[in-house]
Amino acid sequence: MSGLIHHSDHGSNYLSVQYTDRVIELATLQWVSWWSTQRLHSELSYRTPVEIETEFNQTTKTL
């Protein structure tokens, strides 16, 4: 057939954008988790933000 155009990507461009967005989202969540639960902060006496928050919450509950 003359003039027939066949596209076989089945929306792969759309899916690749969704996939890329999801990968970026997961990477960001992993970084935030690491930052809050594992990274030792010198300004927090080399403790994690989660440790500080837990200590704060325990202290304020007993007041």
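Helices, in this report, are DSSP runs of H or I with at least four residues, while strands are DSSP runs of E with at least two, and both are numbered from the N terminus. The structure described here is a predicted model, in which local features need pLDDT of at least 70 and side-chain atom pairs count only at pLDDT 80 or more, whereas totals for chains, interfaces and linings use all residues. Residues are numbered from 1 along each chain as its sequence is written, and side-chain values use heavy atoms, with hydrogens and water left out.

## The chain as a whole

The protein chain has two helices and zero strands. Helix 1 covers residues 12–37, and a loop lies between helix 1 and helix 2, the latter covering residues 49–62. Of the 63 residues in the protein chain, 3% are buried, where buried means under 20% relative accessible area, exposed means over 50%, and partly exposed lies in between, as found with a 1.4 Å probe on protein chains only. The accessible surface of the chain comes to about 5,900 Å², and 58% of this surface belongs to carbon and sulfur atoms; such areas come from the Shrake-Rupley method with a 1.4 Å probe, and for residues only the protein chains shown count as cover.

## Tryptophans of helix 1

The structure holds two aromatic pairs. In one of them, Trp31 and Trp35 are stacked, with 5.2 Å from centre to centre and 25 degrees between the planes. Where do the two partners sit along the helix? Trp31 and Trp35 are four residues apart in helix 1, so about one helical turn separates them. Trp31 is partly exposed at 47% relative accessibility, and Trp35 is also partly exposed, at 32%. Together with Trp34, these two residues form one aromatic cluster.

Trp31, Val32, Trp34 and Trp35 also form a nonpolar patch on the surface, and their accessible area together is about 400 Å². Patches are made of residues with over 30% relative accessible area and no salt bridge, with like charges joined within 9 Å and nonpolar side chains (Val, Leu, Ile, Met, Phe, Trp, Tyr) joined within 5 Å.

## Two salt bridges

A salt bridge is counted when a side-chain nitrogen of Lys or Arg lies within 4 Å of a carboxyl oxygen of Asp or Glu. A search of the whole structure finds two salt bridges, and the table lists them with the relative accessible area of each partner.

| Salt bridge | N to O distance | Relative accessible area |
|---|---|---|
| Arg22 and Glu25 | 3.3 Å | Arg22 44%, Glu25 41% |
| Arg47 and Glu55 | 2.6 Å | Arg47 28%, Glu55 40% |

Arg22 and Glu25 both lie in helix 1, three residues apart, which is about one turn of the helix. Arg22 is partly exposed, as is Glu25; Arg47 is likewise partly exposed, and so is Glu55.

## The loop between the helices

Contact here means heavy atoms within 4.5 Å, and, not counting residues up to four places away in sequence, His41 touches Trp35, Tyr46, Arg47, Thr48 and Pro49.

Leaving aside neighbours within four places in sequence, Thr48 is in contact with Ser36, Thr37, Gln38, Arg39, Leu40 and His41.

Most residues other than glycine have a negative phi. Ser45, however, has a positive phi of about 55 degrees although Ser45 is not a glycine, and Tyr46 has a positive phi near 55 degrees. Ser45 is exposed, with a relative accessible area of 54%, and Tyr46 counts as exposed at 57%.

Methods
Rings of Phe, Tyr and Trp (its six-membered ring) pair if their centres lie within 6.5 Å; planes under 30 degrees apart count as stacked, over 60 as edge-to-face and the rest as tilted.
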